[in-house]
Amino acid sequence: MLVCGRAGEWFTAPEGVRTEALPARPGKAEVDPLLTSELVVVGSDADLAAVVLRLLRKEKLDTTTVGYVPADADSAVAAQWGLPTDRRRALDVALTGFDRPVPLIRDDAGGVLLGKGVVRNPRGVAYCDDTVALRGEAGSIVVRPDLDGPGLVATVTRGRLIKRRQRFPARAFQLGGAPSVPVSDGVPYPRPMERWTWYRHTHDLRLVIVAR
């Protein structure tokens, strides 16, 4: 069980369960020696994404199940996949539930997206596969994994007073135009980007989301 960042301040593992304390958004040196076929991550969506990124890099997505105990009540990953945000219930699901393959979203800068990606005030042209999702300006674009469609769904919100939202299911989302800062699972990219892509990876994530 990987306990990340400030989760160590409140998390108490059940008796007999081995835990490892890791920094927030742990990297290769911290995660790789601890990879096993069954993982439970306790922390933020960004912490979970950091661990899953190492599974992707080590080509262990197909052979590893991942349980998740969200540290935050507003976890986008929990909301997306119906995970409890009550920590005790989430731990029970993570330890005793069944895994289910869910789409893993990547970006063209080497990262992954598990819950929610946001681009605020985009200005340019956006495509969802071959469909033009935006030409001009918008208040925001939100991208989430989507189990029922090709892999992801992008929601474009326009209008200041009256919000108009359009949803675009796709396998890939691409944005080009004025520099903007994409935010993946709550983490802003270090610099504004003129081009950005989120797309479904060829292998899914085996996320434990169904309680026994």
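Lys 116, Arg 120, Arg 144 and Arg 167 gather in a patch of positive charge on the surface. A patch is built from residues with over 30% relative accessible area and no salt bridge; like charges are joined within 9 Å, and nonpolar side chains (Val, Leu, Ile, Met, Phe, Trp, Tyr) within 5 Å. Lys and Arg count as positive, Asp and Glu as negative, while His and the chain ends are not counted. Each charge is placed at NZ of Lys, CZ of Arg, CG of Asp or CD of Glu.

The model is predicted: local features need pLDDT of at least 70, side-chain atom pairs count only at pLDDT 80 or more, and totals for chains, interfaces and linings use all residues. Residues are numbered from 1 along each chain as its sequence is written, and side-chain values use heavy atoms, with hydrogens and water left out.

Lys 116 sits in the loop between strand 7 (112-113) and strand 8 (117-120). Helices (H or I, at least four residues) and strands (E, at least two) are DSSP runs, numbered from the N terminus. Lys 116 has a relative accessible area of 33%, so this residue is partly exposed. Buried means under 20%, exposed means over 50%, and partly exposed is in between (1.4 Å probe, protein chains only). The areas come from the Shrake-Rupley method.

Now look for paired charges. How many salt bridges does the count come to? The count is 5 salt bridges. To qualify, a side-chain nitrogen of Lys or Arg must be within 4 Å of a carboxyl oxygen of Asp or Glu.

Arg 18 is exposed, with 61% relative accessible area. Glu 20 is partly exposed, at 23%.

Another salt bridge links Arg 54 to Asp 32, with the closest N and O atoms 2.8 Å apart. Arg 54 belongs to helix 2 (residues 45-57), and Asp 32 to the loop between helix 1 (28-31) and strand 3 (38-43), so the pair ties together parts that are 22 residues apart in sequence. Both Arg 54 and Asp 32 are buried.

Arg 200 and Asp 204 also meet through their side chains in a salt bridge, at 3.1 Å from N to O. Arg 200 is buried, with a relative accessible area of 17%. Asp 204 has 22% relative accessibility and therefore counts as partly exposed.

Next comes a charge without such a partner. Asp 45 lies in helix 2. What is the nearest side chain of opposite charge to Asp 45? That side chain is Lys 116, 8.2 Å away. Asp 45 is buried yet has no salt bridge. But Asp 45 does have polar contacts. In a polar contact, a pair of N or O atoms lies within 3.5 Å; within protein, one must be able to donate a hydrogen and the other to accept it, and residues adjacent in sequence count only if both atoms are side-chain atoms. The side chain of Asp 45 makes one with the side chain of Tyr 68, at 2.7 Å. A polar atom of the Asp 45 side chain also lies 2.9 Å from the backbone nitrogen of Ala 76.

Follow the chain past helix 2. Leu 61 and Thr 64 come up in the loop between helix 2 and strand 4 (65-70). Leu 61 is buried, with a relative accessible area of 5%. Thr 64 has 1% relative accessibility, so this residue counts as buried. The side chain of Thr 64 reaches the backbone oxygen of Lys 60 at 2.8 Å.

Arg 25 has a phi near 45 degrees, a positive value in a residue other than glycine. Arg 25 lies in the loop between strand 2 (20-22) and helix 1. Is Arg 25 buried or exposed? At 52% relative accessibility, Arg 25 counts as exposed. Asp 185 is not a glycine either, and its phi is positive, about 50 degrees. Asp 185 lies in the loop between strand 15 (183-184) and strand 16 (187-188). With a relative accessible area of 9%, Asp 185 is buried.

Finish in another loop. Pro 84 is found between helix 3 (76-81) and helix 4 (87-96). Pro 84 is buried, with a relative accessible area of 12%. The C-alpha atoms of Pro 84 and Asn 121 are separated by 32 Å, and the two residues are 37 residues apart along the chain.

Conventions: Accessible areas come from the Shrake-Rupley method with a 1.4 Å probe; for residues, only the protein chains shown count as cover.
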